[in-house]
Amino acid sequence: MNIIGNLVTLRAIEKEDMLVMQMWGNNPDIQYMLGGWHFPTNLNDQDKWFANLSCNSLNQRFLVLDKNGEKVGMANLLNINFKDGNAELGLLLDPSFQGKGLGKDVVETLVRYSFNELRLNRLETSIIAYNKPSLSLFLNKCNWKQEGVLRNWYFRKGKFVDKILLSVLSNEVEL
Ligand SMILES: CC(C)(COP(=O)(O)OP(=O)(O)OC[C@H]1O[C@@H](n2cnc3c(N)ncnc32)[C@H](O)[C@@H]1OP(=O)(O)O)[C@@H](O)C(=O)NCCC(=O)NCCS
């Protein structure tokens with residue numbers, strides 16, 4: 001079932017999305033802001049990644065569409081723990097669709113889905129210390145709280161950088 005927000009729709013990832021996902025995966029500006037470790041990936045390997053991706057209720061990955069049906073980014077809920085009621089949230093937007101409030105809507109939509117549909121109680125995310133837009137989005141716009149700092153966790157452009165841990169609880173947001 002697709003997940004409908006005010007500005008975005010989150011749907012399952014399809015094979016036809018591999019080209020744009022490969023482009024996002026190879027975009028240095030996007031990847032510099034993300035925690036994962038990416039290296040240049042060709043379409044063949046991107047297709048293999050998709051072939052190994054199974055519909056899995058504990059790791060849910062979404063393609064993000066705007067109101068015009070444009071592919072604007074990706075989001076996910078990973079390591080969903082139904083016993084304890086928590087999960088990790090992640091997202092990225094294509095640079096041409098950043099700064100339009102879509103990121104806020106993706107986070108709010110996934111928060112609603114997690115707490116109102118999956119019956120989770122807690123979401124968390126981690127952010128590279130220099131990713132000011134993301135910190136501002138979660139802390140200032142979406143009411144998440146900073147929980148801690150893992151010092152010198154990342155190595156980027158020859159420097160060690162802190163990892164900031166954030167979370168939100170179901171009783172801290174209006175659903
Ligand atoms: C982070 C991201 C999801 C934000 O979504 P968005 O729709 O672009 O959100 P906005 O552009 O409205 O920005 C959110 C906030 O960051 C602020 N911001 C934007 N650029 C900024 C910058 N260079 N420095 C400081 N703050 C900045 C905005 O002012 C806004 O905060 P405010 O309204 O409280 O002032 C999106 O930029 C993105 O996908 N970036 C690349 C991948 C990424 O960082 N993913 C998150 C990993 S944790």
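Analyst: The element that gives the most to the shell around the ligand is α5, with seven residues; helices (H or I, at least four residues) and strands (E, at least two) are DSSP runs, numbered from the N terminus. This is a predicted model, in which local features need pLDDT of at least 70 and side-chain atom pairs count only at pLDDT 80 or more, while totals for chains, interfaces and linings use all residues. Residues are numbered from 1 along each chain as its sequence is written.

At least two residues of the shell are supplied by each of β5 (86–93), α4 (102–117), β6 (122–128) and α5 (132–141). Of the 22 residues around the ligand, those that come nearest are Met33, Gln98, Gly99, Gly103 and Lys132, where a residue is near a molecule or strand if its C-beta atom, placed from the backbone, lies within 6 Å of it. Sorted by class, the shell holds ten nonpolar, nine polar and three charged residues; Ala, Val, Leu, Ile, Met, Phe, Trp, Tyr, Cys and Pro count as nonpolar, Asp, Glu, Lys and Arg as charged, and the others, Gly among them, as polar.

The strands β5 and β6 also belong to an open sheet of eight strands, with mixed pairing and the order β1-β2-β3-β4-β5-β6-β8-β7, and two strands pair if DSSP finds at least two bridges between them. The edge strands of this sheet are β1 (3–4) and β7 (145–156), each of which pairs on one side only.
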